[in-house]
Each structure stands twice: as structure tokens, then as C-alpha cells.
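Dear colleague,

I am passing on the structure below, and my notes on it follow. Please read them beside the coordinates.

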Amino acid sequence: MQAIIVQDREAGIGGLTLTDIPYPHAAENDVIVQVHAAGFTPGELEWPGTWADRAGRDRTPSVPGHELSGVVVELGYGTTGLTVGQRVFGLTDWTRNGSLAEYTAVEARNLAPLPADVDHTIAAALPISGLTAWQGLFDHARLTTGQTVLIHGAAGGVGSIGVQLAREVGAWVIGTGRAADRDTALALGVDTFLDLQADKLEEAGEVDVVLDVIGGEILDRSTALVRAGGTLVTIAHPPTIQPEDGRSVFFVVEPDRDRLADLAQRLRDGRLKPIVGAVRPLAEAPAAFAPERRTPGKTIIRVAED
């Protein structure tokens, strides 16, 4: 089968190649998924799990990509909850071969059923962004009706989902981004938009929750905006500065079948719309990783036709 692989850490995106690799093995509690559409994170070539397994052993050549939508074609021993022929979407493990392949092995618990009326391309844009936004806002920050939330990268993958979820719960949403993101963020429902290149972040005032995807100086400056009892949540890196009278949380998204199913239902109801940008074939995946290719929405790799 064909897949995108990496095997030279020093080569960066230049080391991404399309090649033939063996068909995957379904371990206990695994399923084999025929991948129809896949999502990836440009920075994942820097993640330790791309290069080593859980024991720290080199696992190259490895297949990147950790979001997928497809069809179950094989069940591993002891697997329950899914059936052959079922449409599914979800996350692959950080330290196993991922989704930029025609077939991949995934723990069944990392996948949720995908309704027949949800397109694979849309579904593949949801797992990391949707789960990250939900876990950050509600599991970690406990955002509730009437609170104010500052969402960095409001037009990006995580931020755009976060804006929609926060608006639905009845929060006041301040979104940040570049000037070119303003119209998208306002259309998603932000109440106030701040251009991080032209506006002062401090104009946001005090907020109950900060959802950060940027890190660095923006993360540090956001700390001072958290009001007493509030929470700063980030996926960029552990904060170096703590809110004076609040909490800070750094987390890595975790698979959650029930939450994925809930997000899929929101898609069907029209309450949630991931922003999908370019849709490219598997052969063009290496070029899609290029950092200079900043395009609106999430790039999805189309691996197979329905």
C-alpha cells in the first residue's frame, strides 16, 4: 500500500516521501481503517512520537498524520464496539503509524462512528481541533454561560471550533489573529476581534478563560488578563508565568469516543462547521507540510474516494 513516510529527522519536510510500505497488522483491540481522508499538523515532524515509540526506541520509517476518516476493513482480536464496513473517524496514536496512508491500524477506542451524511473530508478536519477546543474550554477551564473567553488564533483549526463552542454555551468571545482573519472570526461569532499585529492585546481587558495555541510572548502577556479565579489553558508549551489569582493548564489532547460522537452530531445539526481549506491528494501531502503554505482553513489529504 502507499503511504507518506519520514525517516530522516534532519531533513525536515524534505524527508517526506510517498512510497510503498507493508499493510498494517491489527493488534489486540485494533481495527484496520481504509483511510478516505486524513488531517495532519505541520509541526508534528518535531514531535518525539513521530520518531520514537513509547519506550523511546527509534520507529522510523514512520507515517505522520493523526486525524482520519474512513471505513473499518478488519478487526483485531478482542475488538468490540465497531464492525467491518462501518464508517469511522478519530485519532491515531501519537507513537504509531498515522493517517497519511491508504490503510492504518488504530485502537478502536480512539474512533467514533461517522454518520452516513457527514463527508469524510469534513470529518477528518474535526478530531484534533474539536477535541482540543472542547477539552480546553470545558474539561480544563470549565467555561460557563456569561463568562468571557479570549481565544487566540480564532480563525485557525482549534480556535474556530473553540469560538463556535463558546458561543453556543453563551460566553462572550474575544478572538485574536491577523488582520486577514478578522472577517472569518466575526463570521464564526466572535464578539470582539483583536489584530495581534496592530491592536494591543491588553485591550481585551480581564477575562475568565484564555485558550492559547500560540505560546511565547502572547502566552506570557495573556497571563495578566486572567481575572481572579480564572484559567489560562494552552497547548503550546507549559506556561512560564502563572496568573496572579488564577490557574494555568498545559495539556495534550486525548482521544474520546463519546465526545467525537457528540461533535459529529453537532456537524449534522449545523451547529459546528470546521473550516476546510485545500483538499489535496496523498501524493501532494509533502508539499502541504511546507511552513510557507499558510492557507485559510485546515488542509485535508484525500486518500480514497467514497
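Leaving aside residues up to four places away in sequence, Thr-79 touches Asn-29, Asp-30, Val-31 and Ala-108, contact meaning heavy atoms within 4.5 Å. The model is a predicted one, in which local features need pLDDT of at least 70 and side-chain atom pairs count only at pLDDT 80 or more, while totals for chains, interfaces and linings use all residues. Residues are numbered from 1 along each chain as its sequence is written, and side-chain values use heavy atoms, with hydrogens and water left out.

Thr-79 sits in the loop between strand S4 (67–75) and S5, helices (H or I, at least four residues) and strands (E, at least two) being DSSP runs numbered from the N terminus. Its relative accessible area is 12%, so Thr-79 is buried (under 20% relative accessible area, with a 1.4 Å probe and protein chains only). The side chain of Thr-79 reaches the backbone oxygen of Gly-76 at 3.0 Å.

H2 is mostly covered, with twelve of its 14 residues buried, and is followed by Arg-142, whose phi is positive, near 55 degrees.

With best regards

Notes. Buried < 20%, exposed > 50% of the residue type's maximum accessible area, 1.4 Å probe, protein only. Polar contact = N/O pair within 3.5 Å; in protein donor to acceptor, adjacent residues only side chain to side chain.
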